[in-house]
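Good morning. Please have the sequence and the model open, and we will go through them one part at a time.

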Amino acid sequence: MSVIHRVAYGIKHILELDKPRHHLMVYADDTFVVSFPGSGDTWTVFLIANLLQLKPPVTLPDVERFIPAIDGQTRRFFRAMPRPRVIQHHESFDPQYKNVIYIVRDPRDVVVSAYNSTHEWTGADGGDGFMSFVTEFVTGEKSDIGSWGEHVASWIATRGNAPRFLLLRYEDLVSETVRELDKVARFLGRQATAEHLAEAVKRSSVENKHRLEQAQSAGAKKTTSFPLAKEGGWRTTLPKAAVCEIESAWGPLMSTLGYELSETGAAKCRATEVAELERD
Amino acid sequence: MIHELRYVLDHILGRDLAERYFKTFPDDTFLVSFPRSGNTWTRFLIGNLVRPNEAISFLNVERVIPDTSALSNRYLERIPRPRIIKSHQFFDARYKRVIYIVRDPRDVVLSYYNFQRKYGEIDDQYPLEQYLPRFIAGDVPGLIGWGSWGEHVLSWLATRHNSPGFLLLRYEAMLADPVCELGKVAKFLGIETTAEALAAVVERSSADNMRRMEKTQSDKWVVTKGRRKDIPFVGKAKEGGWQSLLPENAIDEIEEAWGPLMKALGYQLTRRPAAPLLPPYIHLQNAYTVPIRQQV
């Protein structure tokens with residue numbers, strides 16, 4: 001970073017106009033919605049925002065004020081937010097965050113979503129370009145927040161059994177939205193009636209969100225893209241080699257989370273287990 | 001406000017502490033542990049291993065294996081690569097090559113308790129009974145940004161154990177057979193060496209030697225400068241001190257909090273049986289071929 005950049009950052013910092021990222025003053029009653037990028041968090045956060053406020057209806061720019069991303073608003077904004085705050089972020093385990101809602105999604109869908117957000121999807125035979133993307137996705141080599149497996153394991157191993165940790169599967173949020181949102185409401189200490197939950201879900205429906213996006217895209221400074229909520233889409237789009245690579249890397253972790261492995265992946269996991277038993 | 005101005009000025013001059021967020025390179029190796037787990041001793045061992053002609057002391061250790069929580073961004077940027085960097089950070093994905101040291105938490109708590117008294121982070125008379133539950137929760141000053149012992153260890157093991165860029169060392173195994181454990185480090189760092197050379201490194205890095213150096217150098221070392229001297233930085237360098245020093249209910253509390261993890265690491269539980277550490281996050285079953293020395 002050049003001196004000019006550092007001075008500019010310094011002035012912003014004094015005026016509290018810098019994004020907090022690692023300088024957020026964390027309060028004990030803050031709740032963090034955490035996920036690996038591409039895990040359906042945009043929609044989930046919209047859903048939670050609708051749970052927290054029904055009237056007036058939440059719009060997309062609203063979401064970034066209700067449940068701001070940690071690098072989405074200034075420090076001044078975070079300081080002025082009414083407590084208890086709900087904040088979104090994508091970092092792997094951080095001990096400072098005491099109340100955490102963690103959203104996990106099948107990595108075979110995450111990889112497609114991650115690829116879509118940076119490349120043009122050209123179909124299942126994405127070729128070598130896609131396979132090297134998958135390899136990078138699996139090793140997490142170039143990532144500051146780690147691979148999908150590191151991210152998920154860092155949170156679940158440290159907090160999996162903690163009372164102030166709520167693990168949600170994106171797949172369940174899509175299929176059993178009311179039930180899962182009720183868990184969120186309880187976690188946030190909100191009493192939500194069945195009608196309230198149903199209304200929040202209705203407002204966050206995929207169609208509704210697409211409509212909002214279209215209506216607001218002209219005026220809003222920044223609209224967030226919304227990955228198609230097609231779960232298990234990997235079954236038709238993901239090349240076998242990619243499925244195999246992902247399952248070989250994270251098979252046991254995926255099974256624990258209830259993500260069924262394909263035949264080859266399952267066989268490999270069984271082989272590992274047997275080998276371990278034999279060594280014992 | 002003054003604090004803020006100072007931070008900004010330090011940042012502009014590149015003098016702010018590196019801590020967690022500094023520029024890393026793919027060829028960096030990180031020496032990581034929870035505080036008071038044998039990290040400084042290991043720094044001396046590795047320092048003497050990689051610089052055989054330069055006796056490592058508190059005066060030059062920061063140049064050879066710099067400490068992220070004591071040095072500035074600018075200082076770290078000027079260390080010639082490939083760097084070996086000391087850190088107490090919980091899991092950080094940017095650390096691609098990691099030597100992680102783990103120590104029996106029943107000993108760590110006693111050592112950290114004394115350390116925090118030395119640094120005035122807790123009152124000198126602060127009772128151990130009150131300290132312990134806060135230590136277990138990771139809720140003592142100084143630990144707030146680092147997590148509890150269990151979170152720290154699990155954050156690294158669950159993400160990196162069994163990966164080629166990760167070497168797990170147990171402090172107790174290092175005490176029992178330092179030459180063997182240092183041999184693993186040399187192999188990890190790709191250093192060709194001999195048993196004699198390793199033994200010489202171990203000798204130069206002995207606790208007695210470190211204590212002697214601390215006596216004359218503690219006023220000049222960034223970590224101990226200006227701190228009280230009646231509690232030394234270099235600890236007893238022993239394992240199992242908890243057996244005589246920790247009250248039974250304290251042992252009980254620790255084993256209740258971290259039993260499965262302790263057992264997986266080979267630390268024998270004395271107060272209660274522990275459930276196995278749940279797979280699939282961590283497979284540690286056969287990680288240890290060097291037995292821990294029997295308690296005397």
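Let us start with strand E1 of chain A, which is covered on both faces. Thr31(A), Val33(A) and Ser35(A) lie on one side, Phe32(A) and Val34(A) lie on the other, and all of them are buried. Buried means that 20 or more other C-beta atoms lie within 10 Å of the residue's own; with 12 or fewer the residue is exposed, and in between it is partly exposed, with C-beta atoms placed from the backbone. In a regular strand the side chains alternate between the two faces of the sheet. Strands are DSSP runs (E, at least two residues), helices are DSSP runs too (H or I, at least four), and both are numbered from the N terminus.

Before going on, two remarks on the model. It is predicted, and local features need pLDDT of at least 70, side-chain atom pairs count only at pLDDT 80 or more, while totals for chains, interfaces and linings use all residues. Residues are numbered from 1 along each chain as its sequence is written, and chains are lettered from A and ligands numbered from 1 in the order in which they are written.

Now the sheet around that strand. In which order do the four strands of chain A stand? The order is E2-E1-E3-E4, in an open sheet with parallel pairing. Two strands pair if DSSP finds at least two bridges between them. The edge strands, each pairing on one side only, are E2 (86-89) and E4 (165-169) of chain A. Direction ignored, neighbouring strands are turned by 20 degrees against each other on average. Here axes are lines fitted to C-alpha atoms, for helices over the stretch in contact, and angles run from 0 to 180 degrees between N-to-C directions.

Take the pairs in turn. E1(A) and E2(A) are parallel and share four bridges, and Thr31(A) stands opposite Val86(A) in E2(A). On to E3(A): five bridges join E1(A) to this parallel strand. Within E4(A), Leu166(A) is the bridge partner of Ile101(A).

Why is E3(A) described as largely enclosed by the rest of the structure? Because six of its six residues are buried. Both of its faces are covered, with Asn99(A), Ile101(A) and Ile103(A) on one side and Val100(A), Tyr102(A) and Val104(A) on the other.

Next, a helix. H2(A) lies across E1, E2 and E3 of chain A, and runs at about 155 degrees to E1(A). One residue to look at is Ile48(A): leaving aside neighbours within four places in sequence, its contacts are Val33(A), Ile67(A), Val86(A) and Val184(A). Contact means that the two C-beta atoms, placed from the backbone, lie within 7 Å.

Last, helix H13 of chain A. A kink of about 80 degrees lies at Trp250(A), shortly before the proline Pro252(A). The bend at a residue is the angle between axes fitted to the seven residues ending there and the seven starting there. Among the buried residues of H13(A) are Ile246(A), Trp250(A) and Leu253(A). After H13(A) comes Gly258(A), with a positive phi near 85 degrees.
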